[in-house]
Amino acid sequence: TKEISYEDLKALLGNSQNLLLVDVRTKEEVDKGCIPGSVHIPLDTVEAALAMGSEEFKAKYGVTKPPLDVPELVFHCQMGKRGGTATGKANELGYLK
């Protein structure tokens, strides 16, 4: 688990086939713009989303649910605090260890 810079994220987006980028901002914030390819899972629903079964997750978010050992799972928000909170929730569920 680590924080990454915008430049690091740009490099990951360009080079990774396995990256799941999760936008944890509110719907109102996402409506103003988002990073292409990111999946919107608001912070207050991250824990429930990651606890879903694979089929339910895919039906709701349109992407395959990441396995617990996913190599690249990045949560982002506007400033970083909510992304850190989401990372903590993912850690509690067994992700990113």
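Tutor: Buried means under 20% relative accessible area. The model here is predicted.

Student: Which residues of strand S3 point one way, and which the other way?

Tutor: From strand S3 (residues 73-76), Leu73 and Phe75 point one way, whereas Val74 and His76 point the other way. All four are buried. In a regular strand, side chains alternate between the two faces of the sheet.

Student: What makes S1 and S3 a strand pair?

Tutor: Two strands pair if DSSP finds at least two bridges between them. Strand S1 (residues 20-23) and S3 have 4 bridges, in the parallel sense, so they pair. Leu21 stands opposite Val74 in S3.

Student: Why is the pair of Phe57 and Tyr61 called tilted?

Tutor: Planes under 30 degrees apart count as stacked and over 60 as edge-to-face. The planes of Phe57 and Tyr61 are at 50 degrees, so the pair is tilted. The ring centres are 4.9 Å apart, and the cut-off for a pair is 6.5 Å. The structure holds 1 aromatic pair.

Student: How are Phe57 and Tyr61 placed in helix H4?

Tutor: They are 4 residues apart in H4 (residues 54-61), which means a separation of about one helical turn.

Student: How do you know whether Phe57 and Tyr61 are buried or exposed?

Tutor: The relative accessible area of Phe57 is 1%, and that of Tyr61 is 16%. Both values are under 20%, so both residues count as buried.

Student: Which residues have the most contacts inside the largest nonpolar core?

Tutor: Among them are Tyr61, Leu73 and Phe75, in a core of 19 residues. H3 gives the largest share of this core, 3 residues.

Key:
Residues are numbered from 1 along each chain as its sequence is written. This is a predicted model: local features need pLDDT of at least 70, side-chain atom pairs count only at pLDDT 80 or more; totals for chains, interfaces and linings use all residues. Side-chain values use heavy atoms; hydrogens and water are left out. Rings of Phe, Tyr and Trp (its six-membered ring) pair if their centres lie within 6.5 Å; planes under 30 degrees apart count as stacked, over 60 as edge-to-face and the rest as tilted. Helices (H or I, at least four residues) and strands (E, at least two) are DSSP runs, numbered from the N terminus. Buried means under 20% relative accessible area, exposed over 50%, partly exposed in between (1.4 Å probe, protein chains only). A nonpolar core is a set of buried Ala, Val, Leu, Ile, Met, Phe, Trp, Tyr and Cys residues joined through side-chain atoms within 4.5 Å.
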